[in-house]
Structures are given as C-alpha cells and as structure tokens.
Amino acid sequence: MTYILGLTGGIASGKSTVSAYLAQNGALIIDADLIARQVVAKRSSGLKQIVAKFGGEILTASGELDRKKLGKLVFSNKELLKALTDITGPLIRAEILREIEAAKKAQVKLVVLDIPLLFETGYQTLCDKVMVVTIPSKLQLERVMKRDNLSAAEARKRIANQLPASKRNELADVLIDNSKSVAETYQQVLKWLKIEALC
C-alpha cells in the first residue's frame, strides 16, 4: 500500500525543509513547483499556450519564460492569474497523477505531494492525510521579503494569493510548527512518521 501525504504551507513557511527531511527518511517527493517549471519549459505546449495568451514579451532573449516578468503581471491581477492557472493547472495535474500511478506500481511506501496551493487546487482529495507547515504571520512576512527581495506591500500581495493561514491550519490533519529550530521541526516530523509506521 502506498501512503499519500499532502504537504503544504504558506509561502516561506519552510515547507521545503520538511520535504527534504521526508525525502531523507525514504519518501518519494512529487514536487508541484518542479512540475510547474517542466510544463512551461522551452518549446513545451504549455509555454506556447502562455505566449498565445500573454504575448511574446514574457519570454527571455533565449526563448524561455521570464518568471519575474510574468509574476509581476499575474500577482497584481486576479483575472490574469486565473488565466495562467487555467493553462498550467491541467498540465500539472496530469503529470502529478502520472507520477502517483508510477509510485503505486513500484510499491513506494510513502509518496509526498509537495504542493504550495494544495487546498486551493483540491489536491487534498488524493491524499490519505495532509501535513501543513506553519509559522507566525510576522515571521512569514519577514521571510518572504528577505527570500524574494520584495517590499512589505509586494510580500503581502503574494501571501494574500494563498489561503489564510488560519483556514489552512484548520484543514490540516497534521500541523508542523516551523517557528523554532530546524531540529525541533525535524522532531515533529519524525514523531509523525513513527506514529504512522512509515519509518
């Protein structure tokens, strides 16, 4: 039996720290961000659809997607963000489902769906349980500003494009508090793996 764990958390909450630790403990990670890049790679059908919708100016000189330019465009316009996810969403979903099937065939014990907008895009229906990585909002804002070199206003805009933390935490089966040391975060994850007999 393959156990499917959904892993999510707000932007800059430390989800990738938890994901990497789960991988160290034998989990197979299906990374939605990585898949999102693959489906819009140079010469892909996804990229062709994006250019048809947003125009050639969202490409770099070498013909790849200019993520910064597209990000600035869509994060300040809900309609454009929806247009982009209408293109990429089905492509990402098809690849995630393909990878889950392959993992089940290979009898992988634990598969982790590492998806930033897991609840927003309905992926929780594919999971046995959902783990949410959480940090206080003040710390999250500081981390987003520092990590992505954004102003407070820009960082707040990015955070606002996700489900409110309180709602996400409410929907979680497992909450991981990542506001303290990495060692403490790892301890919480390990405790859960032991409870579920997955390590």
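Q: Which residues are exposed on the other side of H6?
A: Lys138 and Lys146 are exposed there. Exposed means over 50% relative accessible area, buried under 20%, and partly exposed in between, with a 1.4 Å probe and protein chains only. This is a predicted model, in which local features need pLDDT of at least 70 and side-chain atom pairs count only at pLDDT 80 or more, while totals for chains, interfaces and linings use all residues. Residues are numbered from 1 along each chain as its sequence is written, and side-chain values use heavy atoms, with hydrogens and water left out.

Q: How do you know that the span of helix H6 agrees with its number of residues?
A: A helix is a DSSP run of H or I of at least four residues, a strand a run of E of at least two, and both are numbered from the N terminus. The expected span is 1.5 Å times one less than the number of residues. H6 has twelve residues, 137-148, and should therefore span 16 Å; its end C-alpha atoms are 16 Å apart, which agrees. Just after H6, Asn149 takes a positive phi of about 55 degrees.

Q: What puts the buried residues of H6 on the same side?
A: The buried residues of H6 are Gln140, Leu141 and Val144. They cover an arc of only 100 degrees around the axis, so they lie on the same side of H6; the arc is taken from the directions from the helix axis to the C-beta atoms. Helix H7 (152-160) is included in what covers these residues.

Q: Why is Asn178 called buried?
A: Its relative accessibility is 6%, so Asn178 counts as buried. Asn178 sits in the loop between strand E5 (174-177) and helix H9 (182-195).

Q: What does Asn178 touch, not counting residues up to four places away in sequence?
A: Asn178 is in contact (heavy atoms within 4.5 Å) with Ser13, Gly14, Val133, Thr134, Ile135, Arg143 and Thr185.

Q: How many salt bridges does a search of the whole structure find?
A: The search finds seven. Among them, Lys180 pairs with Asp177, their closest N and O atoms being 3.0 Å apart. Asp177 has a relative accessible area of 27% and is therefore partly exposed.

Q: What separates Asp86 and Lys82 in helix H5?
A: They are four residues apart in H5 (residues 78-105), which means about one helical turn. Asp86 has a relative accessible area of 46%, so it is partly exposed.

Q: Which residues touch the most other members of the largest nonpolar core?
A: Ile50, Phe54, Leu70, Ile96 and Leu113 do so, in a core of 32 residues. H5 gives the largest share of this core, eight residues. A nonpolar core is a set of buried Ala, Val, Leu, Ile, Met, Phe, Trp, Tyr and Cys residues joined through side-chain atoms within 4.5 Å. Apart from this core lies another, of 17 residues, including Leu22, Val112, Val133 and Leu198.

Notes. A salt bridge is a side-chain nitrogen of Lys or Arg within 4 Å of a carboxyl oxygen of Asp or Glu.
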